[in-house]
Amino acid sequence: MMATLLLRLSAPLQSWGADSKFEIRKTEREPTKSGVIGLLAAALGLRRDDAAGLQPLCGLRFGVRVDREGALLEDFHTAGNPTPRQVQAARRKGRTPDAPYVTRRYYLADAVFLVGLESEDEALLQNLAWALGHPVYPLFLGRRSCPPTLPLCLGVRPLPLEAALRAEPALAPAAAGQGTCCRLVMDADPAQPGAVPRRDLPRSFSPIHRQYAYRAAVEREAVLPPAAGAVGPETEHDPFAEL
């Protein structure tokens, strides 16, 4: 029997890059599978080069319900700016002062997502739920500067992935113009009509050689169920609560 672990991913800022390199750090419109698996790996305390430890996580069927679309935010970021004294010293030596390293980093502001992870192994899902409440490493939503708000883990539901995502009460008021309709983005068979490839299935998070494979995903429309009351204070945000 299939079961689904549900996560609530909400924070002032999130960033889910899939193909970001060098000076431009993009974000997808919803959480990537690699980003969520990285979140689970951090909770479990897996090493970045523990490819064997990632395999059970990569085997989980993954889906996202977009409860509130985030607003795209651009951060113009510089690093390594020389001080006036360093500029003068370089000029005295006849050198050109080192130029700062400039990047553009993109974030989703005020987005709220319901993430589901499906498996026949309910014990594995329960273990992940426990680890998310007792993480070995700090948890963040795509980047270290994006700690999640609480609650993060909503528990395990005795339902398949799509049924669990459609049945869970709305997690937040919809963004202006979104109404009660929302997007579902889920793992799919590559031959399924409408399926598109996404290169965000992690094989290794090793900083020496990160490796990602392709998966197929399909996007569908759903109606947000009525909220069952407050899930928790929308402003509850303590990134060091688990330390």
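These legends accompany close-up views of one predicted model. Residues are numbered from 1 along each chain as its sequence is written, and side-chain values use heavy atoms, with hydrogens and water left out. Because the model is predicted, local features need pLDDT of at least 70 and side-chain atom pairs count only at pLDDT 80 or more, while totals for chains, interfaces and linings use all residues.

**View 1. The whole chain.**
The chain has five helices and 11 strands. Helices (H or I, at least four residues) and strands (E, at least two) are DSSP runs, numbered from the N terminus. Of the 243 residues, 41% count as buried. Buried means under 20% relative accessible area, exposed over 50%, and partly exposed in between (1.4 Å probe, protein chains only). Among contacts with a separation of 6 or more, 81% are between residues 24 or more positions apart. Contact means heavy atoms within 4.5 Å.

**View 2. The seven-stranded sheet.**
Seven strands form an open sheet in the order β8-β1-β7-β4-β9-β11-β10, and the pairing is antiparallel. Two strands pair if DSSP finds at least two bridges between them. β8 (153-157) and β10 stand at the edges with a single partner strand each, so one side of each has no neighbour in the sheet. Neighbouring strands are turned by 25° against each other on average, direction ignored. Axes are lines fitted to C-alpha atoms, for helices over the stretch in contact, and angles run from 0 to 180 degrees between N-to-C directions.

**View 3. Strand β7 and its two partners.**
Eight of the eight residues of β7 are buried. V112, L114, G116 and E118 point one way from the strand, and F113, V115, L117 and S119 point the other way. Eight bridges join β1 to β7. Seven bridges join β4 (residues 61-68) to β7 (residues 112-119). Both pairs run antiparallel. L114 is the bridge partner of R8 and also of R65. V66 stands opposite F113.

**View 4. Strand β11 between β9 and β10.**
Seven bridges join β9 to β11, and the two strands run antiparallel. Within this pair, the bridge partner of M186 is V218. β10 and β11 also run antiparallel, joined by six bridges. Here P197 stands opposite A216. β10 and β11 form a hairpin, with six residues between them.

**View 5. L201 in strand β10.**
L201 lies in β10. The residue is buried, with a relative accessible area of 9%. Leaving aside residues up to four places away in sequence, L201 touches K33, C58, Q211, Y212, A213 and Y214. The C-alpha atoms of L201 and S34 are separated by 5.4 Å, although these residues are 167 residues apart along the chain.

**View 6. Two helices across the sheet strands.**
Helix α1 lies across β1 (3-10), β4, β7, β9 (181-187), β10 and β11. α1 runs at about 25° to β10. Helix α4 (residues 122-133) lies across β1, β7 and β8. α4 runs at about 25° to β1.

**View 7. The largest pocket.**
The largest pocket holds about 1400 Å³ of space. Of its 38 lining residues, R48, G142, F205, R210 and Y212 are the closest to its centre. On a 1 Å grid over the protein atoms alone, a pocket is an open set of points where a 1.4 Å probe fits, with protein on both sides within 12 Å along at least five of seven lines; lining residues have an atom within 4 Å of a point. Grid points are joined across faces, edges and corners, and the volume is the space filled by probe spheres set on the points. α1 (33-44), β6 (101-109), β10 (196-204) and β11 (211-223) each supply at least two lining residues. The largest share, six residues, comes from α1. The lining divides into 15 nonpolar, 11 polar and 12 charged residues. Ala, Val, Leu, Ile, Met, Phe, Trp, Tyr, Cys and Pro count as nonpolar, Asp, Glu, Lys and Arg as charged, and the others, Gly among them, as polar.

**View 8. Two backbone details in loops.**
A cis peptide bond joins L150 and P151, with omega at about 0°. P151 is found in the loop between α4 and β8. D110 sits in the loop between β6 and β7. Phi of D110 is near 60°, a positive value in a residue other than glycine. D110 is partly exposed, with a relative accessible area of 48%.
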